[in-house]
Amino acid sequence: MRLSRESRYAIQALVSLSSHPPGEVLDARAIAEDARLPVPYLQKILRELAIGGLLTSQRGHGYAMARGPHAITITDVLDVIEGEGALERRCIFWRVDCSTDDPCELHFRWREVRPEILRRLTDTTIADVRDANTPIGAG
């Protein structure tokens, strides 16, 4: 499965925000520094996350998480960034014309494993990602 860089950066930004107290507002520069991401690129992603309801935006001040990190799943993020249900429709090779009538080489296998991957992404929260990537003894 191939996800965009935007999705990766969105997850990194949300993980970064989740390590701050609930409701804390951070500007894009602070989030970018904390997550080690390029500011101009991240600003666009943060706006998308705010429009998608995962962040709140305070004009001139920055962003805060709209829900707690345990209530935001990876599929929530992917639906905002990749498009709702994109992973359910996309070919593993991102072939536009892949279908049951004109399948790609791995269509049969992808059709079998996709539901399990989607279930696992739906069961994984931003808090899970944050906690899995926190070094022992840190924070």
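**Close-up views of a predicted model**

**View 1. S18 in helix α1.** S18 has its place in helix α1, which covers residues 5–18; helices here are DSSP runs of H or I with at least four residues, strands are runs of E with at least two, and both are numbered from the N terminus. This is a predicted model, in which local features need pLDDT of at least 70 and side-chain atom pairs count only at pLDDT 80 or more, while totals for chains, interfaces and linings use all residues. Residues are numbered from 1 along each chain as its sequence is written, and side-chain values use heavy atoms, with hydrogens and water left out. S18 counts as buried because its relative accessibility is 7% (buried means under 20% relative accessible area, exposed over 50%, and partly exposed in between, with a 1.4 Å probe and protein chains only). Setting aside residues up to four places away in sequence, S18 touches M65, P69, I126 and R130, where contact means heavy atoms within 4.5 Å.

View 2. R130 is buried, as its relative accessible area is 18%, whereas D131 counts as partly exposed at 45% relative accessibility. The two residues form a salt bridge, and their closest N and O atoms are 2.9 Å apart. A salt bridge here is a side-chain nitrogen of Lys or Arg within 4 Å of a carboxyl oxygen of Asp or Glu. Side chains of opposite charge can pair when their charged atoms come close. The structure holds seven salt bridges.

View 3. Helix α6 spans residues 107–123. Within this helix, E112 and R109 lie three residues apart, about one turn, and they form a salt bridge with 2.5 Å between the closest N and O atoms. R109 counts as partly exposed, at 41% relative accessibility. Further along, R120 and E116 are separated by about one helical turn because they are four residues apart in α6. Their salt bridge has its closest N and O atoms 2.9 Å apart. R120 counts as exposed at 53% relative accessibility, while E116 counts as partly exposed at 34%. Both belong to a network of salt bridges that links E116, R119, R120 and D123.

**View 4. R114, a buried arginine of α6.** Stay with helix α6 to find R114. With 13% relative accessibility, R114 counts as buried. Apart from neighbours within four places in sequence, R114 is in contact with L87, E88, R89 and R90.

**View 5. A nonpolar surface patch.** F93, L106 and F108 make a nonpolar surface patch of about 290 Å². Patches consist of residues with over 30% relative accessible area and no salt bridge, joining like charges within 9 Å and nonpolar side chains (Val, Leu, Ile, Met, Phe, Trp, Tyr) within 5 Å; accessible areas come from the Shrake-Rupley method with a 1.4 Å probe, and for residues only the protein chains shown count as cover. F93 sits in the loop between α5 (86–89) and α6 (107–123). F93 counts as partly exposed, with a relative accessibility of 48%.

View 6. Strands β1 (residues 55–58) and β2 (residues 62–65) run antiparallel and are joined by four bridges; two strands pair if DSSP finds at least two bridges between them. Q58 has G62 in β2 as its bridge partner. Three residues lie between the two strands of this hairpin, and G60 in the turn has a positive phi of about 80 degrees.
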